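Hi,

Here is the model I promised to pass on. Could you have a look at it alongside my notes below?

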Amino acid sequence: MFSILDMFTVGVGPSSSHTVGPMCAAKAFVDALDRSGVLGQVSRVQVILYGSLSLTGMGHGTDRAAVAGLEGNTPEQVDTDHLLNIRSEVESSGRLVLGGRREIAFDYGRDVVFEQWQMLAEHPNGMRFTAWSASGQTVDEQVWYSIGGGFVRQGHVDDPLIGIHENPSHDEQPATDEVEGVDFAPEAPYHFSSADELLALCEHHQMGISEIIWANETSIRSAEEVRQGLLEIWGVMDQCVREGCTSKQEILPGGLDVRRRAPDIYRRLTVGSDPMQADLHMAKSALEDSAVAWVNLFALAVSEQNAGGGRVVTAPTNGAAGIMPAVLEYYWRFVPAADEDGIVCFLLTSGAIGYLLKRNASISGAEVGCQGEVGSACSMAAAGLCAAMGGTPRQVENAAEIGMEHHLGLTCDPVGGLVQVPCIERNAMASNTAINAVRMALLGDGSHLVTLDQVIRTMKETGQDMMSKYKETSKGGLAVNVVEC
């Protein structure tokens, strides 16, 4: 069953679909071997990466994430230094300890396969795990899909393969009310599958969006657990901003030699003082004194942490992980009445919008392009900020619609397959777009021509029509027009 807390999970960079998801899937495979009592029979394992995972997996660290998952690591607790160096460590030893229990021989070049010619037709982010015994008998074989935001689902071993350059249609997706794994618990008091239904619930019960979601969440766990979980998410986001502002790493890994900018911007804005304690009026220029510059800083700081393989919150993905923290920091530091209740309201409301985006379209760049990642995060952040600032449900829906509408058609074309160019700057631009969307929504009464449901549907259809080379394959757009130096 779906929980709003699922939209905000702690993971590691640089990608939720290409790093977090594969790690989770690999661990699930090993856990299944353990539960069935056959782990002790395994002498060899292999993972085959298909589609987008193959084409951009090297830049996203997909191979390293999958191997870490086979070791039994989770995105929440994996040692990030180990994750960065796991390939050299395993190649040096020629050994792998499955699930932390079963040591086997492991040939990295043979047992991690980037399939460059075929992909699983069910989803662009497919993986196949196979385990063999010493006699060569297949112990188990599983197919998994990383469906965006760190979410994974298991497929079938006989799922069909197609040519990797084909652009399969997803018009035959399940009906809205049958989307697997995207529904609230049966005991939840309020069920909805569209923004119109959510608004109708709010109006009928005279409740805000955050109150609707709070009631659903507290039907499956205590109020204390929900509040603590949300504030812990905010704490991780805030810590990520701080670490990104003060990082000593000058150049991001991956070979593009992209320089971190957040530490230098932080020094300019704060004149060397703590970024979270600084007098905002001590900045050197009118531009630097504006909220825009600070929001840029917050978004860049988190996005650079993600690109460097650091620990971030998927919100709703790693590629768009800088937007929600940046807008939350804006609320916390620039809105005079900001408090923890507002943070809780912000996350509950933004999670509701994320639920609709995931349920009725996609948050996966490999499925619908960057509109599904940065566009979704912008829409979620706008909704959350609008609610925290006292917006009505219809104003919140308007802000979310504005945030998503103006990212329609945005392609996912990472240079070198790395979540750096243009991804980092896109987070900063979208963060300020979210805030501007709230300004426009709050100046109106919530009435507007284009609805959020219509924009979500349009995003899905645009993603289906988008050529595969613009959907996280690094085969088009900036990825081919920027020379890698």
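Before the notes, one convention: two strands count as paired if DSSP finds at least two bridges between them. Also keep in mind that this is a predicted model.

**The hairpin**

Let me start with strands S3 (residues 95-98) and S4 (residues 102-105), which run antiparallel and are joined by four bridges. In S4, Ala-105 is the bridge partner of Arg-95, while Arg-102 stands opposite Leu-98. Three residues sit between the two strands of this hairpin, and Gly-99 has a positive phi near 60° there.

**Helix H18**

Next is H18, which covers residues 452-465. Its 14 residues reach 20 Å from the first C-alpha to the last, close to the 20 Å expected at 1.5 Å a residue. The buried residues of H18 are Leu-452, Asp-453, Val-455, Ile-456, Met-459, Lys-460, Gly-463 and Gln-464. As a reminder for reading that list, an α-helix has 3.6 residues a turn, so residues three or four places apart point the same way. Note that Asp-453 and Lys-460 are among the buried ones.

What do these buried residues pack against? Their partners are helices H7 (195-205), H13 (340-360), H14 (365-368), H15 (374-388) and H16 (393-405).

**Cavities**

By type, the lining of the largest cavity divides into seven nonpolar, six polar and four charged residues.

Most residues other than glycine have a negative phi, and most peptide bonds are trans. Here are the exceptions I noted.

Two peptide bonds to check are cis. One runs from Gly-13 to Pro-14, with omega near 10°; Pro-14 is in the loop between strand S1 (9-12) and H1. The other runs from Val-421 to Pro-422, with omega near 5°, and Pro-422 is in the loop between H16 and H17.

Then there is the loop between H18 and helix H19 (478-481), where Glu-472 lies. Glu-472 is not a glycine, yet its phi is positive, about 55°. Ser-474 is found in that loop between H18 and H19 too, and Ser-474 also has a positive phi of about 55° without being a glycine.

Cheers

Terms used: Residues numbered from 1 in each chain as written. Predicted model: local features only at pLDDT ≥ 70, side-chain atom pairs only at ≥ 80, totals over all residues. Heavy atoms only, no water. Expected span 1.5 Å × (residues − 1). Buried < 20%, exposed > 50% of the residue type's maximum accessible area, 1.4 Å probe, protein only. Contact = heavy atoms within 4.5 Å. Nonpolar A, V, L, I, M, F, W, Y, C, P; charged D, E, K, R; others polar.
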